[in-house]
Amino acid sequence: RLRLPAMTNNLTTTNRHSHLSARNSAVLKRKAVVIGEAVASDDADRIFPDQDFAQQAHVPNFEKYLEMYTRSIEDPAGFWSEMADSFYWKKKWGQQVNSENLDITKGNIKIEWFKGGITNICYNCLDRNIESGNGEKIAIHWEGNDRGVDDSLTYNQLLDRVCQLANYLKESGVKKGDSVIIYLPMLMELPISMLACARIGAVHSVVFAGFSAESLEQRIIDCKPKIVITCNAVKRGTKVINLKDIVDSALSESSQNGVHVDLCLTYANELAKKREDTKWQKERDVWWQDVVPKCSTKCDVEWVDAEDPLFLLYTSGSTGKPKGVLHTTGGYMVYTAATFKYAFDYKPSDIYWCTADCGWITGHSYVAYGPLLNGATVLVYEGVPNYPDPGRCWDIVDKYKVTIFYTAPTLVRSLMRDGNEYVTRYSRKSLRVLGSVGEPINPSAWRWFYDVVGDSRCPISDTWWQTETGGFMITPLPGAWPQKPGSATFPFFGVQPAIVDEKGKEMEGECSGYLCVKASWPGAFRTLFGDHERYETTYFSAFPGYYFSGDGCSRDKDGYYWLTGRVDDVINVSGHRIGTAEVESALVSHPKCAEAAVVGVEHEVKGQCIYAFVTPVEGVEYSEDLKKSLVLSVRTNIGAFAAPDKIHWAPGLPKTRSGKIMRRILRKIASRQLDELGDTSTLADPNVVDQLIALADS
Ligand code: 6R9
C-alpha cells in the first residue's frame with residue numbers, strides 16, 4: 001500500500017485558495033480517506049500560506065503536491081527521468097533509471113541512478129546556462145568580511161575562471177578520478193575550485209577551513225590528493241587565520257606518514273596577509289595568481305558517467321574516524337537542482353543567499369551546485385554573520401536585495417538574543433522565502449525568524465537532510481501547505497520516510513521513533529570512501545530494508561514530521577556534526593587524560609554543547625590549567641568549533657559490568673536532571689554516580 005503524506009482532512013482548509021476541478025478534488029479526498037489517519041488540527045498552530053504567494057508558487061497547493069508526490073513514488077523512473085531531461089546529457093542513460101534494493105538481507109547495497117548516462121555537472125552549471133542566454137547574468141556576488149569589500153562574476157566570467165583553473169590542474173597532472181583537497185574559506189575561489197575539479201572529472205574533497213591541521217592531515221592520508229588548494233590567510237571578523245600554516249603542518253605530517261603531496265596551490269588573499277609574510281616551500285608551493293590567470297579560458301569538458309564520483313566529504317559518525325561520504329554525478333545533479341527549485345520556490349529573478357560554508361554539505365548542494373544548476377544568482381559571504389555588528393546579515397540582504405535567505409537555527413537564536421533593533425533598522429523588503437537547516441529549529445526561534453526577520457510574510461523552509469542524503473528529504477514547499485513552527489512538514493518528491501520502532505517495525509499514523517527511508521532517491525550517497533562494508537553496516541543493517549538516518553522523529557495527527565535530534569553518538573553543535581568518539585579520542589590523546597566520555601547538553605544558542613567527563617591519569621591533580629590544556633587538545637585535534645564547553649572531573653565513569661559507559665546517566669548529570677538518573681543498580685560501581693554529582697560544579 002502506498003503511504004502518502006497524510007494531512008488529509010485539511011485539504012479543503014489548506015487549499016481554500018486553489019482552483020481545482022470538483023472531480024479532481026473528489027478523487028484526492030477519496031485517496032485521502034484511504035491513506036489517512038489524519039484529523040484536522042486547529043488553525044491556531046498552523047500558519048497558512050499567503051494567497052498571492054501560493055498562486056505564483058511552483059507547487060501552489062497540497063493537491064498539486066500530492067499529485068506530483070504520488071507520481072514520484074509510483075513511477076520514480078519516469079518522474080526523475082523527466083527532471084533529468086532539463087539537463088544536458090552527452091548520452092542518455094541506459095534502460096534502467098535506478099536500482100532499488102535497500103534491503104541488506106537481499107544482497108549488497110548498490111545504489112545507481114541514470115547509469116550509463118554521460119554528462120558533466122560543471123557543464124550543466126555554466127555552459128548550459130550561458131548557452132541559454134544567461135552569460136551576462138551575475139552568478140556570484142561576493143561580499144568580503146569588511147564592509148565595502150565586494151566583487152562579482154557573471155556566468156561568462158565564472159566559466160572563464162573555472163576553465164583557467166581546470167587547465168592548470170590538468171597541466172599539473174590531475175586526471176579524471178584523482179582527488180583534490182580544497183582547504184579554502186568563502187572566497188569565490190572555493191566554488192571555482194569545486195567546479196574546476198568537476199569539469200575535468202577530478203573528485204574534490206573540501207575540508208572546512210575551521211578544521212585543525214590534524215584533521216586535515218587525517219583527510220589527506222585517507223584520500224591521497226594529487227594537489228591541495230588553499231589560501232595564505234583569511235580575515236574572519238577582526239581575526240586573521242593563517243590557513244597556509246595549518247596546511248604546512250598537515251602536509252609535513254602526512255608526508256611523514258607516507259602520503260606525500262607535491263603541489264600546494266595557494267591563493268594570495270592579500271587583504272588578510274601579504275605574500276612576502278607567508279611561509280613558503282619553493283619546491284611545493286605555487287601562488288594561484290602566478291599560474292592560473294595565464295591558462296586558457298577554454299577547457300574541454302571531461303564527460304563522465306552519471307555514476308562517476310563527484311566529491312568526497314568527510315563527516316562525523318558514531319565511531320572515531322570521520323567517514324568519507326561519496327557522492328556521484330548524475331543523481332546528485334538532478335536531485336540538488338530539483339530540491340533547490342521546489343523547496344525555495346526558486347525563480348530566475350531571485351537573489352539567493354545561503355550562509356553555510358562550502359566546507360559542509362549545505363555549501364556543496366545549496367551554495368554551489370543546486371543554485372548554479374538553476375542558473376541562480378548566489379551570494380557568497382566571506383565573514384562572520386554578526387561582524388561588525390548583529391545587523392550585518394540584514395545590511396547584506398538590503399545591499400543585494402536578497403530574496404531567499406537560508407541559514408541555521410543557531411544563527412537565528414543568536415541574532416534573536418541581540419534584539420530586534422538590529423533587524424528592524426533594515427528594510428528586508430526584498431525577502432520572500434526563508435530557510436533553516438542543520439538542527440531542529442525550536443518554535444520560538446521559528447516565530448522570531450518568521451515575524452521579525454520575515455515580517456510575517458515569508459514562508460520558512462525548514463529543510464531536514466544530511467551529508468549522506470545529498471539534498472533535502474523532508475521540507476516545506478513554500479506556498480503549498482500550512483506550516484507548523486518547528487516541523488519540517490512533508491517529504492520531498494521521491495522520498496518515502498518511515499518511522500520505525502526499536503524492532504524495526506514501521507509505524508503508521510501518529511507515532512514517534514527512528515527515522516528511516518525506504519527506497520533510494522537520486523541524491524543518496526553511494527558509499528563510504530574505501531569502506532563499503534562500513535557503509536552497509538552503519539546505514540543499512542540497523543533496520544533491514546531501510547536507510548537509517550540516525551535521527552529521532554515523530555509524526556503528528558496531521559501527518560507532519562517533527563525531527564527530534566540524533567539518537568546516536570553524534571552531537572549537533574551550532575549545526576555542526578561532531579562525533580562524541582572524535583572528541584573523546586582528542587581528549588585521551590592528552591598525556592594527562594586517562595579516560596573521557598562526552599555527551600551533548602542542550603544549549604540556548606548552539607542547540608547543543610559539548611560536555612566532557614574526564615578522568616585524569618593517576619596522581620594528576622585537578623586544575624583550571626589542566627582543563628584549559630584539555631580543551632586545547634580538542635582544538636588542535638579537531639578544530640575550535642568542537643571545543644568542549646565544560647570539563648567535568650570524573651574519578652571514575654559509570655560503567656556496566658561489561659565495561660560499557662552508561663551515557664544516559666552522564667547526560668542526566670550533565671543537564672543536572674539528578675532526579676531522573678533512573679536505575680543505577682546495574683553499574684559496576686554505583687558510587688561513581690555520587691562522586692560525579694559531588695564534583696559537578698568544581
Ligand atoms: C544538512 C546537514 C545532519 C544532521 C541530521 C539532523 C540534523 C539537519 C535538520 C536537522 C532537524 C532540520 N539536521 N537539518 N534536524 N531539522 N531541518 O546539516 O547535514 O551536517 O550531515 O547533519 O543534522 O540531526 O541527521 P549534516
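**Ligand shell and a buried glutamate**

A backbone N or O atom of Glu439 lies 3.4 Å from a nitrogen atom of the ligand in this predicted model. In Thr467, a polar side-chain atom is placed 2.5 Å from an oxygen atom of the ligand. For Arg577, the corresponding distance from a polar side-chain atom to a ligand oxygen atom is 2.7 Å. The ligand has 530 Å² of accessible area on its own, and the protein covers 97% of that area.

The shell itself comprises 17 residues. Asp462, Thr467, Asp551, Arg566 and Arg577 are the closest to the ligand. By residue class, the shell holds six nonpolar, six polar and five charged residues.

A further feature concerns Glu582. This residue belongs to helix H20, which runs over residues 580-588. Glu582 is buried, yet no salt bridge is found for its side chain. Arg219 provides the nearest side chain of opposite charge, at 5.1 Å. The Glu582 side chain does have a polar partner. A polar contact of 2.6 Å joins the side chain of Glu582 to the side chain of Ser316.

Technical notes:
Residues are numbered from 1 along each chain as its sequence is written. This is a predicted model: local features need pLDDT of at least 70, side-chain atom pairs count only at pLDDT 80 or more; totals for chains, interfaces and linings use all residues. Side-chain values use heavy atoms; hydrogens and water are left out. A residue is near a molecule or strand if one of its heavy atoms lies within 4 Å of it. A polar contact is a pair of N or O atoms within 3.5 Å; within protein, one must be able to donate a hydrogen and the other to accept it, and residues adjacent in sequence count only if both atoms are side-chain atoms. Accessible areas come from the Shrake-Rupley method with a 1.4 Å probe; for residues, only the protein chains shown count as cover. Ala, Val, Leu, Ile, Met, Phe, Trp, Tyr, Cys and Pro count as nonpolar, Asp, Glu, Lys and Arg as charged, and the others, Gly among them, as polar. Helices (H or I, at least four residues) and strands (E, at least two) are DSSP runs, numbered from the N terminus. Buried means under 20% relative accessible area, exposed over 50%, partly exposed in between (1.4 Å probe, protein chains only). Lys and Arg count as positive and Asp and Glu as negative; His and the chain ends are not counted. A salt bridge is a side-chain nitrogen of Lys or Arg within 4 Å of a carboxyl oxygen of Asp or Glu.
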